[in-house]
Amino acid sequence: MAEHGPRRSPAKRRAILDAAIKVFTDQGYARASVDAIAAVAGVGKQTVYGHFGDKEQLFLAAVEEARSAVSTTPDVAPIVLSGDPREDLTALGERILDIALSPRVSALHRLTIAEVAHHPELQRTWRESSASADHAVVGYLRDRDADGRLRVPDPARAARQFSHLVITEGRVETAYGMLPLRPERRHAIAADAADLIIRAHRP
């Protein structure tokens, strides 16, 4: 059971997540142990369990942490939205690609693919964590539906379709993050996906 109240330490949580990302990507999901993660983090095993409950939940949290680390680094400029659906969705798509194809997120995704046959629960946890990439797009599409620029009766579904178009194309072109993606191709992938979504949801 996860630890509650003031006993939780944000510094220890961060150390555990950093250690988990390293151990999972170095050793794989099956071989990675909570003991090894605790040792790298410099905490006791019960502290890991107190923060995250079990290994599966720790893996999910590590995926989220890897994504968040990309989107909140100081050199990542905030997206300034213009209100033009094609331009804005292209910018949002490029940001999604930056996150999905970052080295740590790509490594964790490849790890999930390698281990999912032996640990089917990873498919569910990865799918759940992937939904976080859609949140900004959901809000944007909901706003464009409200102001009449697009007609989007189901913003969550449209955002999911947009993210899948962008991420799948990017992963195929980069061999699941093993090869670099040129900026012009990143832009083109995002723009093509934006165009498809706009065509499908014209008022």
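D35 lies in helix α2, residues 34-41. Helices (H or I, at least four residues) and strands (E, at least two) are DSSP runs numbered from the N terminus. K45 is 10 residues away from D35 along the chain, and the C-alpha atoms of the two are separated by 5.9 Å.

## Basis and confidence

Residues are numbered from 1 along each chain as its sequence is written, and side-chain values use heavy atoms, with hydrogens and water left out. The model is predicted: local features need pLDDT of at least 70, side-chain atom pairs count only at pLDDT 80 or more, and totals for chains, interfaces and linings use all residues.

The average pLDDT of the protein chain is 87, and 88% of the residues score at least 70; pLDDT is the predictor's confidence in each residue, from 0 to 100. Over residues 1-6, pLDDT stays under 50, and the model has 9 contacts beyond four places in sequence for this stretch. Contact means heavy atoms within 4.5 Å. Where pLDDT is low, the predicted coordinates should not be read in detail.

## Overall architecture

The protein chain has 10 helices and 0 strands, giving the pattern α-α-α-α-α-α-α-α-α-α along the sequence. Of its 203 residues, 41% are buried. Among contacts between residues at least 6 apart in sequence, 71% join residues at least 24 apart.

## Helices α1 and α3

Helix α1 (residues 10-27) packs with α3 at an angle of about 100°, and their axes are 10 Å apart. Axes are lines fitted to C-alpha atoms, for helices over the stretch in contact, and angles run from 0 to 180 degrees between N-to-C directions. The two helices α1 and α3 are therefore roughly perpendicular to each other; angles of 65 to 115 degrees count as roughly perpendicular, under 35 as roughly parallel, over 145 as roughly antiparallel, and the rest as oblique. On the α1 side the contact involves K12, R13, I16 and L17, which meet T47, V48, H51 and F52 in α3. By class, the contact of α1 with α3 divides into 4 nonpolar, 2 polar and 2 charged residues. Ala, Val, Leu, Ile, Met, Phe, Trp, Tyr, Cys and Pro count as nonpolar, Asp, Glu, Lys and Arg as charged, and the others, Gly among them, as polar.

Within helix α3 (residues 45-52), the buried residues are T47, V48, G50, H51 and F52. G53 follows α3 and has a positive phi, near 85°.

## Helices α5 and α10

Helix α5 (residues 85-100) and helix α10 (residues 183-200) pack with their axes 8 Å apart, at an angle of about 130°. They are therefore oblique to each other. The crossing of α5 and α10 is right-handed, where right-handed means that the near helix is turned clockwise from the far one by less than a right angle, and left-handed anticlockwise. From α5, the contact is made by P85, R86, L89, T90, G93, E94, L97 and D98; from α10, by R186, H187, I189, A190, A191, A194, D195, I197 and I198. The contact of α5 with α10 has 9 nonpolar, 3 polar and 5 charged residues.

T90, found in helix α5, is buried, with a relative accessible area of 5%. Apart from neighbours within four places in sequence, T90 is in contact with H187, A190, A191 and A194. In helix α10, I198 is buried at a relative accessible area of 7%. Leaving aside neighbours within four places in sequence, the contacts of I198 are P85, R86, L89 and L150. V152 lies 46 residues from I198 along the chain, with 9.6 Å between their C-alpha atoms.

## The loop between α9 and α10

Most residues other than glycine have a negative phi, and most peptide bonds are trans. A175, in the loop between α9 (155-173) and α10, has a positive phi of about 50° although it is not a glycine. Y176 lies in the loop between α9 and α10, and its phi is also positive, near 60°. A175 counts as partly exposed at 37% relative accessibility, and Y176 counts as partly exposed at 37%.

Conventions:
Buried < 20%, exposed > 50% of the residue type's maximum accessible area, 1.4 Å probe, protein only.
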